[in-house]
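The following note sets out comments on the model, point by point. Please read each point beside the coordinates.

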Amino acid sequence: MIRRIAIIGLGTMGPGMAARLARGGLQVAAYDVAPTAIERARSMLSAAETVLDALGIASPSAGVGMVRFTDDIGDAVSGADLVIENVPENISVKADVYRTIDGLIASDTIVASDTSGIPITKLQAHISHPERMVGMHWSNPPHIIPMIEVIGGERTAPQTVATIRELIRSIGLLPVVVKKDVPGFVENRVLYALLREAVDLVERGVIDPEDLDTCVSWGIGYKIAVIGPMALLDMAGLDIYKSVSSFLNADLSNRDDVAPMVLEKTNASKFGIKSGEGMFSYTPEQTKALQGERARKLVAVRRILEGRG
Ligand SMILES: NC(=O)c1ccc[n+]([C@@H]2O[C@H](COP(=O)([O-])OP(=O)(O)OC[C@H]3O[C@@H](n4cnc5c(N)ncnc54)[C@H](O)[C@@H]3O)[C@@H](O)[C@H]2O)c1
Ligand SMILES: Cc1ncc(CO)c(C(=O)O)c1O
């Protein structure tokens, strides 16, 4: 049974994950190699807790979870039943973390990676108990989005996948088990197919970025939150899908490299909200307002979708 969790890496994802797990009654130790990240994570944790209050997610009566921060990785993983690795999407950075914790954790401690899409089979080559390694892919913002993908690699024991799926379910979240360890798993394969086409349409001047977002959010996103793609095929009719896909599929972007527009921006350090400019521009005040507004809307939509409107 999982009671104590260590989170390694407190950037964009770690603090929200810590807040949500603690609301599930779990004891969370939160560690980052950068002291500034730990400081930032404290305020992100308290912002996430405010959102969880708005979502009406209370701690179980069985036990109140807590988050404690530490700047010592040995202290973080000591006694942990589960370690969630949440460091940058780079195999060698992740492998360094696995090597560091290998001698510090028990042989039955589960090590999960929040990788966005590196196959788990590649990651588990760097750990001495690969049967205990699993993918646990959260979606951003992790304290609000309830779905988490669970992925076993070639050497993951079925029981490890089952334990993580049950943990996610037991705290009121939605586990989805991905049956094959394909790059990007399922969520990001679907998302990146959409993003490739969206970037291509803007790059070719078919549509302006603002209008692309209106088209996708109101034409597709709003609908797909209620009717998933498989159900949508049945709603539209497979005969229609057959006719349209017979000519449209061949015209969709199939580029297998990074789009020039994205390279141009990243080469100029335009990364989006984190640098103040990306597809759009953001002042610090606008960013703060946007984040508050997005959290409020996501909370409201989720309550409606759960029938708690
Ligand atoms: N950002 C997203 O939307 C998102 C969503 C789902 C999954 N992910 C995945 O989650 C992981 C983390 O992503 P993120 O966006 O939170 O990254 P991030 O860059 O915002 O944060 C990573 C953190 O890891 C810390 N770190 C780096 N090396 C470390 C080490 N050796 N030990 C401890 N801490 C270390 C950094 O100081 C930083 O605070 C990645 O694998 C990413 O692909 C990201
Ligand atoms: C662009 C993008 N890439 C990866 C992820 C998660 O792995 C997300 C997300 O929102 O969760 C994303 O938006």
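A residue is taken to be near a molecule or strand if one of its heavy atoms lies within 4 Å of it. The model is predicted: local features need pLDDT of at least 70, side-chain atom pairs count only at pLDDT 80 or more, and totals for chains, interfaces and linings use all residues. Residues are numbered from 1 along each chain as its sequence is written, chains are lettered from A and ligands numbered from 1 in the order in which they are written, and side-chain values use heavy atoms, with hydrogens and water left out.

1. Surroundings of ligand 1. The shell around ligand 1 holds 24 residues, and the closest are T12, D32, E89, K94 and S116. By class it divides into 12 nonpolar, 8 polar and 4 charged residues; here Ala, Val, Leu, Ile, Met, Phe, Trp, Tyr, Cys and Pro count as nonpolar, Asp, Glu, Lys and Arg as charged, and the others, Gly among them, as polar. Helix α4 (residues 91-102) contributes the most to this shell, with 3 residues. Helices (H or I, at least four residues) and strands (E, at least two) are DSSP runs, numbered from the N terminus.

2. Polar contacts of ligand 1. A polar contact is a pair of N or O atoms within 3.5 Å; within protein, one must be able to donate a hydrogen and the other to accept it, and residues adjacent in sequence count only if both atoms are side-chain atoms. A polar side-chain atom of D32 lies 2.6 Å from an oxygen atom of ligand 1, and a backbone N or O atom of T12 lies 2.9 Å from an oxygen atom of the ligand. For N140, a side-chain N or O atom is 3.2 Å from an oxygen atom of ligand 1. Taken alone, ligand 1 exposes 830 Å², of which the protein buries 76%; accessible areas come from the Shrake-Rupley method with a 1.4 Å probe, and for residues only the protein chains shown count as cover.

3. Ligand 2. The residues around ligand 2 are S116, H137, S139, N140, N188, L191, Y192 and L195. They comprise 3 nonpolar, 5 polar and no charged residues, and α7 supplies the most, with 4 residues. Side-chain atoms of S116 and of H137 each lie 2.7 Å from an oxygen atom of ligand 2, while a backbone N or O atom of N140 is 3.1 Å from an oxygen atom of the ligand. On its own ligand 2 has 320 Å² of accessible area, and the protein covers 67% of it.

4. Backbone geometry. Most residues other than glycine have a negative phi, and most peptide bonds are trans. The peptide bond from N140 to P141 is cis, with omega near -5 degrees, and P141 sits in the loop between β6 (133-137) and β7 (147-152). F185 has a positive phi, near 55 degrees, and belongs to the loop between β8 (174-178) and α7.

5. Packing of α7 on α11. How do the axes of α7 (residues 187-203) and α11 (residues 260-267) cross? They come within 9 Å and cross at roughly 85 degrees; axes are lines fitted to C-alpha atoms, for helices over the stretch in contact, and angles run from 0 to 180 degrees between N-to-C directions. The two helices are therefore roughly perpendicular, a term for angles of 65 to 115 degrees (under 35 is roughly parallel, over 145 roughly antiparallel, the rest oblique). V199, V202 and E203 of α7 meet P260, M261 and V262 of α11, contact meaning heavy atoms within 4.5 Å.

6. D53 and R23. D53 is found in helix α2 (residues 35-54), and a polar contact of 2.9 Å joins its side chain to that of R23.
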